[in-house]
Amino acid sequence: MWKLNKYARFVQSDVSAMVTKEEKAEWEYFDNTPFPLELTLADRGHLLVSHGSTIMESYNLTMSQKYLRGQSKGDSMIIFYHMQDVSHRFRIKFAASELKTSHEVCRECAEKMAKYFPVKAIVTTEAVNLENPSDKTTLRGEVTLSDLANVVTGTSKNQLPSVYNNMPTDTTDIGVLLKLCLSDPSFPAYVEQVEKELDNLALNTNS
């Protein structure tokens with residue numbers, strides 16, 4: 001059994017008129033007050049959504065792969081039912097448990113449901129920049145070799161002036177130069193030596 005924060009249902013009985021009627025139909029929402037919302041997946045294969053003593057959804061999961069399918073995303077899931085001319089869908093939002101986050105609870109439930117009918121997990125990945133830009137200061141005036149080495153090696157949070165960010169106008173030979181360097185067996189050792197020299201310059205604050 002899983003605790004739910006929200007439940008919403010949407011009924012569309014006439015599939016052929018879905019395009020024209022769906023715009024007028026509305027989702028009916030329920031939350032976990034004043035009665036608890038719960039989803040139960042019985043061992044014998046029965047899906048049940050209850051709001052207190054009221055049964056909101058009830059499905060026998062025998063052969064359910066023919067008429068049920070689901071999609072999960074984050075801490076929420078939508079389940080579609082389609083049998084002949086009857087179409088129905090409902091959405092649920094999971095609550096966190098004592099040991100698991102709401103996302104983990106949703107994933108656990110989706111994995112168990114997938115044993116009976118298809119459940120597609122929609123994974124969203126977003127690049128999150130945890131570094132505060134205000135922590136960086138642009139170097140001004142004379143930039144020493146030590147300053148350059150510290151920025152290049154990442155030991156300093158300072159930023160180089162914009163003039164150091166400009167690429168040369170002619171970059172057509174960069175690819176050729178890189179291929180020549182990589183084809184040289186001694187190149188990795190050279191790179192390692194360059195890194196050591198950068199570290200030495202970074203430590204030499206008086207340079």
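This is a predicted model: local features need pLDDT of at least 70, side-chain atom pairs count only at pLDDT 80 or more; totals for chains, interfaces and linings use all residues.
# A walk through the chain

Residues are numbered from 1 along each chain as its sequence is written, and side-chain values use heavy atoms, with hydrogens and water left out.

Colour by secondary structure and follow the order from the N terminus: β-α-β-β-β-β-β-β-β-α-β-α-α-α. Of the 207 residues, 27% count as buried; buried is under 20% relative accessible area, exposed is over 50%, and partly exposed is in between (1.4 Å probe, protein chains only).

**Stop one: the core.** Select Leu47, Met77, Phe94 and Met113, the residues with the most contacts inside the largest nonpolar core, which has 27 residues. Such a core is a set of buried Ala, Val, Leu, Ile, Met, Phe, Trp, Tyr and Cys residues joined through side-chain atoms within 4.5 Å. Which element gives the most to this core? That's α2, with 5 residues. Now centre on Phe94: leaving aside neighbours within four places in sequence, its contacts include Trp2, Leu4, Met77, Val105, Cys106 and Cys109.

**Stop two: two cysteines.** A disulfide needs a pair of cysteine sulfur atoms within 2.5 Å, and a search of the whole structure finds 0 of them. Cys106 counts as buried at 1% relative accessibility, and Cys109 counts as buried at 0%.

**Stop three: the pocket.** Show Ser72, Arg107, Ala121, Ile122 and Val123, which lie nearest the centre of the largest pocket among its 15 lining residues. The elements giving two or more residues to that lining are β6 (68–73), α2 (102–113) and β9 (119–121). Here too α2 gives the most, with 5 residues. The pocket's volume is about 240 Å³. For the method: on a 1 Å grid over the protein atoms alone, a pocket is an open set of points where a 1.4 Å probe fits, with protein on both sides within 12 Å along at least five of seven lines, and lining residues have an atom within 4 Å of a point. Points are joined across faces, edges and corners, and the volume is the space filled by probe spheres set on them.

**Stop four: Gly70.** This residue sits in strand β6 and is buried, at 6% relative accessible area. Not counting residues up to four places away in sequence, Gly70 touches Ile78, Ile79, Phe117, Pro118, Val119 and Lys120. Draw a distance to Ala114, 44 residues apart along the chain: the C-alpha atoms are separated by 8.6 Å.

**Last stop: the loops.** Pick Pro34, between β2 (28–31) and β3. The peptide bond from Thr33 to Pro34 is cis, with omega near -5°. Then jump to Met63, in the loop between β5 and β6: not a glycine, yet its phi is positive, about 60°. Met63 is partly exposed, at 42%. Finish on Gln84, between β7 and β8, another non-glycine with a positive phi, of about 55°. Is Gln84 buried or exposed? Exposed, with a relative accessible area of 69%.

Note on methods: Helices (H or I, at least four residues) and strands (E, at least two) are DSSP runs, numbered from the N terminus. Contact means heavy atoms within 4.5 Å.
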